[in-house]
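Biologist: I would like to learn how to read side-chain features in a model of this kind, taking them one at a time. Could we look at it together?

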Amino acid sequence: MIAFISGLLKYKSPNCVVVDVHGVGYRLFVPLTTFYELPDAGQSVALNVHTHVKQDGINLFGFYTSEERDIFQLL
């Protein structure tokens, strides 16, 4: 399970980001509260991650704070 990710922010939109970690781009879905805290593309970023595994794929959800991630997991 991926719990934390840090690297260069390659792309950001209101619903997802791509973080480059040593040449591998990870797409993470993010809430608007996290989106507004993100730096510009090309800057370093660190996000708390919730990994969601289901039958047809693996989705990563990124959060600026661990508290946001914990609330998401409770839902």
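Biologist: Which residue lies over the face of Phe-35, and at what distance from the ring centre?

Modeller: Please keep in mind throughout that this is a predicted model. A charge counts as sitting over a ring when NZ of Lys or CZ of Arg is within 6 Å of the ring centre and within 35 degrees of the ring normal. Here Lys-12 is the residue over the face of Phe-35, at 5.4 Å from the ring centre.

Biologist: How many aromatic pairs does the structure hold, and why does the pair of Phe-29 and Phe-61 count as tilted?

Modeller: There are four aromatic pairs in the structure. For Phe-29 and Phe-61 the ring centres are 5.8 Å apart and the planes stand at 40°, so the pair is tilted, given that planes under 30 degrees apart count as stacked and those over 60 as edge-to-face. Because Phe-29 belongs to strand β3 (residues 24-29) and Phe-61 to strand β5 (residues 57-63), this pair ties together parts that are 32 residues apart in sequence.

Biologist: Where does Phe-72 lie, and how is it paired with Phe-61?

Modeller: The rings of Phe-61 and Phe-72 have centres 5.0 Å apart and planes at 35°, so this pair is tilted. Phe-72 lies in helix α2 (residues 66-74) and Phe-61 in strand β5, so that the pair links distant parts of the chain, 11 residues apart. Ring pairs join Phe-29, Phe-61, Phe-63 and Phe-72 into a cluster.

Biologist: Are Phe-29 and Phe-72 buried, exposed or partly exposed?

Modeller: The class follows from relative accessible area, with buried meaning under 20% and exposed over 50%. Phe-29, at 24% relative accessibility, counts as partly exposed, and Phe-72, with a relative accessible area of 30%, is partly exposed as well. As for strand β5, it is mostly covered, five of its seven residues being buried.

Biologist: In what sense do β4 and β5 pair, and over how many bridges?

Modeller: The two strands pair in the antiparallel sense, over seven bridges, and they form a hairpin with two residues between them. One of the bridges has Asn-59 in β5 as the partner of His-52.

Biologist: Which residues touch the most other members of the largest nonpolar core?

Modeller: That core has 13 residues, of which Ile-5, Val-17, Val-19, Leu-28 and Leu-38 touch the most other members. The elements giving two or more residues to this core are β1 (4-12), β2 (16-21) and β4 (44-54). Leaving aside neighbours within four places in sequence, Val-17 is in contact with residues including Leu-9, Tyr-26, Leu-28, Leu-38 and Leu-47.

Definitions and conventions: Residues numbered from 1 in each chain as written. Predicted model: local features only at pLDDT ≥ 70, side-chain atom pairs only at ≥ 80, totals over all residues. Heavy atoms only, no water. Phe/Tyr/Trp six-rings, centres within 6.5 Å; stacked < 30°, edge-to-face > 60°. Helix = DSSP H or I, 4+ residues; strand = E, 2+ residues; numbered from the N terminus. Buried < 20%, exposed > 50% of the residue type's maximum accessible area, 1.4 Å probe, protein only. Core = buried A, V, L, I, M, F, W, Y, C linked by side-chain atoms within 4.5 Å. Contact = heavy atoms within 4.5 Å. Pairing = 2+ DSSP bridges.
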